[in-house]
Amino acid sequence: MEINTREKTDVIIFDIEGEIRRSDITDVTLHQLVKDQLDAGKRNILLNFQNVDFIDSFGVGEILASYISTHNLGGKLKIAKISKKLYLVFQVTMLTKVLEIFDAEEVALESFFKDQ
Amino acid sequence: MAKNLLNRILSRFVEIKPGEEVIASLLFLYLFLIMFPYYIIKPYRDAKYLIELTSARLPYAYLLTALFMGFFVHFYTKLQVRIQRRVLIISSVTFFALTCLLSRWLFDQELSWMPLAFWVWANTFIVVLVTQFWILVNDVFNPREVKRLIGFFGSGGLLGGILGGVLTGLLGRDMPDIVLIIASGLLILSIFVVNHIFIWHRKKSAPSDQVGHKHRETGEEQVKVGFIDCFNTVRKNYYLKLLAGVVTLTFIVSTFIDWQSKTVIDIRIERMDEKLEFFGYFHAALLVIPFLISILMSSNILKRYGIRVTLLLFPLVLLLCIFGIGYWPEVFVFALAIKAGDKSLSFSINQYVRELLYIPISPELKYKAKVFIDMFLNRFAKGIGALILLFLVYVYLPPENWQWDWRDKVQLVSIIGVIFIGAWLLLNIKVSKEYTNIVKQKLEMKWDRGDRVVAEKMDVDYTKLVFDTIESRNRSSVLYAMHLFDLIKQDKLTPEVKKLISYKADERKVSSLGGLFESGEITLVPEMDDMLSEEVLDKEVKEIMSLDVYQEVMKGYIDKVLVDKTDDTETSKMELAKAIGLMESHSPLAQKLEELLEDESPEVSKYAIESAARLKRREHVPALIYKLHNPLTREDACTALEKYGERIVGTLSDYLRDYDEDFGLRREVASVLARIPIQDSADFLAWELAEDDGDMDPELIDALDRIRSRKPDIQVQEEVIKTKIFKEIKKYYQILIKFYDQKSKAKKPKISEKLSENLAASMMNVFKLLGLIYPHEDIFRAYQNIRTGTKDSVDYAVELLDNILPKQIRDIVFPLIEELHLEERVKRCRTLLKTFPKV
């Protein structure tokens, strides 16, 4: 798994590539990267899943831990460009009740502004 | 920051902010120009009435005023529906100015009913104009602003009253007939001031305005309603009913006091000119005390003691006075003292507190309530007081009975007064409690704790199981079967899940979940639930696993897999780890889990951790705790330890307090304790917070905060937390001063940025700590609104904190949160640091 970070209109975007799996983690976890941004005062986080093929239960844990840390500080964590298969799993497991998921990055970015 | 001249002058007397000086001065002047003529009219009214109708007939005046006000308010509410606020106020002032002149002429006609009619007119005058004034104040300012400025506005009225009284005293003996003409002239002057207030308010209510005010829609756009609607508004609202009760009792007691003092004065002073002179000076003198209280003490008393204590002050003083006059009715000083006590506090502190109590109510409700309570109910209460007096004076102690003289009557009224004051005190306590609730409702809860949201909205274990099931399909049919078995056991293998987990991403693209489920092409999940029921399946698996022969055969297999150190055995170990979790806790094979827990592969560890959580064997706890080290197994280990529950709290606290242990591990242990929200967890965390040198404070505070957010009834040692609050606030002050120094030097923006982050973190810690010993939800609500709210919601948040925090804490917390310029905030922090409580 590879994660690249960029910032767009006060939103931190994590472009994730590969699979978020326990066996795929190298040095830092997604949650740690999110926490670093929160410590730096950032409150709007977008996870770009365009190149994410699959996640395992560890990946779910990472996403939820990131969501909790962001939410506890009054921030927002959202997901964009998730694959249809993954979206189905998110729906069945009710992850969609907690996480805001968008088809396109622009729509997701706009939603952060609407929240403010 | 450059301040204008008016601001500099006013700042000496009142805590005024830039942009407020003009409107505050206009409102000061407006009340001054209402009270000046009223305190000319009032002595004239009293003297005329006592001379021509005597104090014995005073209850009739109170009663007639009450009846008249009933009709008048009905008429007034209809009028205000049709007329704009601005026109209504200006017309009212004009009406009273002209009728004041008319009264002067009517008195010359020596009509016998005129003193009574003038009494009623004078009361209507003050009720209408003062109510209109406070409605205007309520429209322009929010509670925090009013709290700062109320003493200033009030002192304008008191100053006017004093001057009016003194002028009447001076002219009373020689030129009594001219006073009403002066009063009329002053009222006409006030029209110009009112007009300016509306012009100012309209300008400032523009959307671009930066000085936020509460109700931009004031003036012409205000809600206008009839009397019945006003009455129903109060009747249907618990808080307004309490307020109405307080006002009723206040005015009943005030009627008793007025009658008692005037009865004594009527006997002591006989002539009209002497009475007019006396009342002029007396009323002026009565106002000097509240004037001084307003200028010097009102805001301070309110800020220092809050609404709750201040509300009790007035009835308690009156209780003492009414007891005094009851015990020594012949002492003239008591007649003066009781009236002085009543008027001085009712015009200062009581008036301000009452106005503050209205402020958190929505503008629509407030307007209706004020019309009913302040215009009708207070006079109606005087009517009730008059009826009680009539009963006591004419029926209970009839005048024809020679045994009873005025002293007995004054004493009896005192006894009844004490009973009413008792009820009034109780209602005040109830009102102040309800006030805090109303302020709270003004503050929106902007977000809940993330962990609570997740726990409420989804089943994390089930979610992970679904993902694991999907993931295991291509890895191992054994693991896949065991996951399916788990889903069946939990009754979660619904047709949707069944179809979902058997769906292959690359087989076809689906446009929706519905489409997928309707396809009917999926046959990859074995139809187990058709063959066996959940109970039967569970029972059969358990029976097989508990067979001695199974245990023996499996032992051999497990040993073989564990000995093999090649990578190929990873999947086998995962299967084993999962299978052990399906066995009974006392099963001999469960011991093998320890080795699997220590396996290097995070995948194997994950399954071993899950199985440990199912078996809950104590010997696995140390291994699970050490799994907290690794970010790949941390979350699973946390969840597993949480499932052990309260029986491992002691063990966890041992790790927490072991300073030889890794710092990161101790931090994670604190987070596990937070997931077991019991009193012991809170006690151990607080204990550690007291002992710790500060490195782990954020984690310990967050853990305690998490516990309190889930279980607000859990108590945390107050002394420990207070000490930490002092330390954290001191730290905040120091960071703020550094930040200010960095900023003013305009150097090293990165350092400023870092300091700014530290300030935000420190502020959050302060509030989390406050939430540990004061109502958690209220503190959390206040914090969120302070951090992200508008100017008004910040003010309401500060008001809420003002009502729930003790003075000692308020004094050091408020400089952090009150709306101040950075320079002034730093100045305050520097001052406070010099006298900061030692911890």
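The model is predicted.

**Stop 1: the whole chain**

Select chain B and colour by secondary structure. Expect 37 helices and zero strands. Of the 839 residues in chain B, 47% are buried. Now turn to contacts between residues at least 6 apart in sequence: in chain B, 78% of them join residues at least 24 apart.

**Stop 2: helix 3 and helix 5**

Select residues 58–82 of chain B for helix 3, then residues 114–140 for helix 5. Their axes come within 9 Å and cross at roughly 50°. The two helices of chain B are therefore oblique to each other. Their crossing is right-handed.

Show side chains next. On helix 3 of chain B, pick B:Ala61, B:Leu64, B:Thr65, B:Phe68, B:Met69 and B:Phe72. They meet B:Leu116, B:Trp119, B:Val120, B:Asn123, B:Thr124 and B:Val127 of helix 5. By class, this contact has nine nonpolar, three polar and no charged residues.

**Stop 3: helix 28 and helix 29**

Move to residues 649–657 of chain B, helix 28, and residues 663–674, helix 29. The axes come within 9 Å here and cross at roughly 150°. An angle over 145 degrees counts as roughly antiparallel, so helix 28 of chain B is roughly antiparallel to helix 29. The crossing of this pair is left-handed.

Which residues of helix 28 of chain B make the contact? Select B:Val649, B:Leu652, B:Tyr655 and B:Leu656. Helix 29 brings B:Leu665, B:Arg666, B:Val669, B:Ala670, B:Val672 and B:Leu673. Colour the contact by class: nine residues are nonpolar, none polar and one charged.

Terms used:
Residues are numbered from 1 along each chain as its sequence is written. Chains are lettered from A and ligands numbered from 1 in the order in which they are written. This is a predicted model: local features need pLDDT of at least 70, side-chain atom pairs count only at pLDDT 80 or more; totals for chains, interfaces and linings use all residues. Helices (H or I, at least four residues) and strands (E, at least two) are DSSP runs, numbered from the N terminus. A residue is buried if 20 or more other C-beta atoms lie within 10 Å of its own, exposed if 12 or fewer, and partly exposed in between; C-beta atoms are placed from the backbone. Two residues are in contact if their C-beta atoms, placed from the backbone, lie within 7 Å. Axes are lines fitted to C-alpha atoms, for helices over the stretch in contact, and angles run from 0 to 180 degrees between N-to-C directions. Angles under 35 degrees count as roughly parallel, over 145 as roughly antiparallel, 65 to 115 as roughly perpendicular and the rest as oblique. A crossing is left-handed if the near helix is turned anticlockwise from the far one by less than a right angle, and right-handed if clockwise. Ala, Val, Leu, Ile, Met, Phe, Trp, Tyr, Cys and Pro count as nonpolar, Asp, Glu, Lys and Arg as charged, and the others, Gly among them, as polar.
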